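Subject: Structure for you to look at

Hello,

The structure we spoke about is below, sequence included. My notes follow it.

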Amino acid sequence: MLSVESFISLVDNKFWKHIHRGTDFPNKGRVPDRKKFLSSLFHEVKAAKYAPSPPRGYVVSHKENLVVRFIPALTREDYCVYFYCLRALEDELAKNRVEGTYGGWKLGGKIRKLENSEEEAMDVPYGSDHGYNKHAWKEAWTEFQRKAYELHSNNRYQYYVVFDVANFYDCIRLDRLENLVRSVVGSEKSQEVSLLFYFLSHWNRKYLSYERQSVGLPQDEVGDCSRILSNFYLQDYDSYMSKLTREVKARYLRYADDQILACRTDKDAKKLMFHASEGLAKIGLNLNASKARFFDRVQYEQYWSFDIFELLSAIDDNRNIVKAYRLFKARKAKLAKTGEKMKTAPVLKRFLNCQLGKLPGITRGGIIKLVLDDDFIKNANSYYLGKTYSLLDRQGKRKFIDKLEGLSESVLFNQYHLRVIRFARESRISLWKFRRVRENLRQMNRWDRSRLESVR
């Protein structure tokens, strides 16, 4: 049953601080007293006066090939209601995890800061930047990567498939999700379930006006609430895939919607991919055909760069850092000729998390040149922008600021501009040095508002 005490207790002070200070699109103005604000919000909910508001705005991020993702920045009222509902229901939703699946940790788990303020160097799916529990995002992804490496270490597997779900959050059917939630949650929490699905059906009124939403979860800046629900949504599919892979002595791994199949034969890999498509279709989802990749053992190792990460496991081992740099450059050049794929951004992030100060000048300069690549900079968060900036001398820092200013003219997604502004604040650089970034962001915001009005 809803109570003001549980509402204030579950929407704790750490979450309250996070939604005001821990995102690229923070709430503006004075931060209200948490307990007074939550008490007032609770009484609105109890009196059925609460209604979700249109998002305050959208963080537009670049996915791939100029395809963008619109990440809503919710109001503090909606963040608190959504978070409360998931905190109240998380014990039931986090049960029945299938072995080899990651992403279902609870919001109420222990909150820890990352060591040395460093983020995991892997290319963690969205949510790690501003998730409520960054340590848990890192820990789960690290375990997933370790399992992926173990699949390669097992000589039994000769073929691998890496794939994900197309527009995953946007395609989750709310009617099916609600039925699943109600099937595992007791009647004593029916009010929390009803409040949750009232929010999910109406949070996107900026685009849907008064029409009820039937599909999609908000992939908001905080991210953790929708992560729990989406992970729960896939549990039946996980059981289905786990059973099929065991029958042919293959393996299935999943982190959020990123999935890996490790198989003994090419035939098994293709058959399991067919069944994965079939299983996803049954729950209203589709495999992302453009990103599905088949690998043999060598290609799989190159794609993940296991050998490079092993060399970079000690951040102060200069000899191995030099070896990793040479191996990365040689492999990147080779794969560019063959058209094969490797995940470059995670390796560059790992280089930035190493201690580069005592490296030979040629290697250090080469790494700096790699991370100054436009594509990397355009998609780097404020932490990695800061790490890059710290490597440069005075003249290099000036050129870097000019580079960030120049890129703001051509980058079409505002997440870049928001991250540059956050980087400036975190690095204590005067914002007047980023006048073009700020003006271009204002122009984007004006364009967004006028476009919405024209649609209506």
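The buried residues of α9 are Asp224, Cys225, Ser226, Arg227, Ile228, Leu229, Ser230, Asn231, Phe232 and Tyr233; buried means under 20% relative accessible area, exposed over 50% and partly exposed in between, with a 1.4 Å probe and protein chains only. That is 10 of the 10 residues of α9, so this helix is largely enclosed by the rest of the structure. Helices (H or I, at least four residues) and strands (E, at least two) are DSSP runs numbered from the N terminus.

Before going on, the basis of the values. This is a predicted model, in which local features need pLDDT of at least 70 and side-chain atom pairs count only at pLDDT 80 or more, while totals for chains, interfaces and linings use all residues. Residues are numbered from 1 along each chain as its sequence is written, and side-chain values use heavy atoms, with hydrogens and water left out.

Overall, the protein chain has 21 helices and 7 strands. Of its 456 residues, 54% count as buried. Among contacts (heavy atoms within 4.5 Å) between residues at least 6 apart in sequence, 72% join residues at least 24 apart.

Helix pairs

α9 (residues 224–233) packs against α4 at an angle of about 35 degrees, with the axes 10 Å apart. Axes here are lines fitted to C-alpha atoms, for helices over the stretch in contact, and angles run from 0 to 180 degrees between N-to-C directions. The crossing of α4 and α9 is left-handed; that term applies if the near helix is turned anticlockwise from the far one by less than a right angle, and right-handed applies if clockwise. From α4 the contact takes Tyr82, Phe83, Leu86, Glu90 and Leu93, and from α9 it takes Cys225, Ser226, Ile228, Leu229 and Phe232. The residues of this contact divide into 8 nonpolar, 1 polar and 1 charged. In this count Ala, Val, Leu, Ile, Met, Phe, Trp, Tyr, Cys and Pro are nonpolar, Asp, Glu, Lys and Arg are charged, and the others, Gly among them, are polar.

α4 (residues 76–93) also meets α2 (residues 13–21): their axes come within 11 Å and cross at roughly 140 degrees. That makes α2 oblique to α4, since angles under 35 degrees count as roughly parallel, over 145 as roughly antiparallel, 65 to 115 as roughly perpendicular and the rest as oblique. α2 passes α4 in a right-handed crossing. Phe15, Trp16, Ile19 and His20 of α2 make the contact with Arg76, Tyr79, Cys80 and Phe83 of α4. By class there are 6 nonpolar, 1 polar and 1 charged in the contact of α2 with α4. The buried residues of α2 are Phe15, Trp16, His18, Ile19 and His20, and what covers them includes α3 (34–46) and α4.

The axes of α18 (residues 382–390) and α20 (residues 414–426) come within 8 Å and cross at roughly 55 degrees. α18 and α20 are therefore oblique to each other, and their crossing is right-handed. The contact involves Ser382, Tyr383, Leu385, Gly386 and Tyr389 of α18 and Arg419, Val420, Arg422, Phe423 and Glu426 of α20. It has 5 nonpolar, 2 polar and 3 charged residues.

α18 is also among the elements that cover the buried residues of α16, together with α14 (318–338), α15 (344–352) and α17 (374–379). Those buried residues of α16 (361–371) are Thr363, Gly366, Ile367, Ile368, Leu370 and Val371.

Cores

The largest nonpolar core has 68 residues, and Leu86 and Leu177 have the most contacts inside it. A nonpolar core is a set of buried Ala, Val, Leu, Ile, Met, Phe, Trp, Tyr and Cys residues joined through side-chain atoms within 4.5 Å. α4 gives the most to this core, with 11 residues. Not counting residues up to four places away in sequence, Leu177 touches Ile172, Phe197, Leu217, Leu229, Phe232 and Tyr233. Apart from this core lies another, of 52 residues, including Ile71, Leu348, Tyr383 and Phe413.

Two single residues

Asn318 is found in α14 and counts as partly exposed at 26% relative accessibility. Leaving aside neighbours within four places in sequence, Asn318 is in contact with Gln355, Lys358 and Leu359.

Lys341 is found in the loop between α14 and α15 and, at 46% relative accessibility, counts as partly exposed. Its C-alpha atom is separated by 7.9 Å from that of Gln302, 39 residues apart along the chain.

Regards
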